[in-house]
Amino acid sequence: MSDALDQILGIIHSVMDDKQKLNRILEFLEEEIFKEDEFKEIEIPEKFKPCIAEIVGSLDAGLVCFLNPETLDIDAYPHDLLHEIDLFEDEPEEVKKNLSELYDWDDVKVLDWLIFIEFTPPDSHESFRIMEAFAERLKNADKLKNKLIDALNNRKPFANFKNIIDNSDHRQDWFDFKFRWLENNVATQLMEELENFQCEAFEKI
């Protein structure tokens, strides 16, 4: 065994009869060591890496995002709009005409693509999970943790969570955590979709 491991085991052995100190060691390991690895690194092809940040930014802004895996072009539209208009229900030219007349949109790239991957922003359930996960990762001694958990368990959890975070020292930590969460989801979906495209291609051979 390494010297570091011997020292760690020695410290644990020296306090093995002290439950309070053992709990402090456990708390430290959970908060400072394992939490750092909560997002697994997902290997994606190099050419797709620049797309991830742009897609995450669009999702965080509430946009539905479309990626052309062949050209790497990205197209994004407000999520609420797609509840009113189905981009793929009618003929592309008819949809373009409607979007131009209603919203003055003349460039709808995704309608001209043969293949695309659609990424949607997190729904309310997923957004709650992200906030809950962030709160849980804070140190137990941090008063912010209890405030956030209380906010999530009471009325208007989204508004109250945002208000508390915006007035705390962890505002940037929250933005970074949410970005990494969405980044992980986008990378996971991307690899699944690319695998599906490959399977379909082989089936056509």
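Strands β1 (residues 63-67) and β2 (residues 74-78) run antiparallel and are joined by five bridges. Two strands count as paired if DSSP finds at least two bridges between them. Within this pair, L63 stands opposite P78 in β2. The two strands form a hairpin with six residues between them, and L72 in the turn has a positive phi of about 70 degrees. In a regular strand the side chains alternate between the two faces of the sheet.

The model is predicted: local features need pLDDT of at least 70 and side-chain atom pairs count only at pLDDT 80 or more, while totals for chains, interfaces and linings use all residues. Residues are numbered from 1 along each chain as its sequence is written, and side-chain values use heavy atoms, with hydrogens and water left out.

The protein chain has nine helices and three strands, in the sequence order α-α-α-β-β-α-α-β-α-α-α-α. Helices (H or I, at least four residues) and strands (E, at least two) are DSSP runs, numbered from the N terminus. Of the 205 residues in the protein chain, 28% count as buried. Buried means under 20% relative accessible area, exposed over 50%, and partly exposed in between (1.4 Å probe, protein chains only).

The largest nonpolar core has 30 residues, of which I55 and F119 touch the most other members. Contributions of at least two residues each come from α3 (49-60), β1, β3 (117-119), α6 (124-137), α7 (143-152), α8 (157-166) and α9 (171-204). Helix α9 gives the most, with eight residues. Such a core is a set of buried Ala, Val, Leu, Ile, Met, Phe, Trp, Tyr and Cys residues joined through side-chain atoms within 4.5 Å.

The whole structure contains zero disulfides, a disulfide being a pair of cysteine sulfur atoms within 2.5 Å. The sulfur of C51 has its closest cysteine sulfur in C65, and at 9.2 Å this is too far for a bond.

| Residue | Relative accessible area | Class |
|---|---|---|
| C51 | 7% | buried |
| C65 | 0% | buried |
| L5 | 35% | partly exposed |

L5 lies in helix α1 (residues 3-14). Together with I8, L9 and I12, L5 forms a nonpolar patch on the surface, with about 300 Å² of accessible area in total. Nonpolar patches join side chains of Val, Leu, Ile, Met, Phe, Trp or Tyr within 5 Å, using residues with over 30% relative accessible area and no salt bridge. A salt bridge is a side-chain nitrogen of Lys or Arg within 4 Å of a carboxyl oxygen of Asp or Glu. Accessible areas come from the Shrake-Rupley method with a 1.4 Å probe; for residues, only the protein chains shown count as cover.

Note on methods
Patches are made of residues with over 30% relative accessible area and no salt bridge: like charges are joined within 9 Å, nonpolar side chains (Val, Leu, Ile, Met, Phe, Trp, Tyr) within 5 Å.
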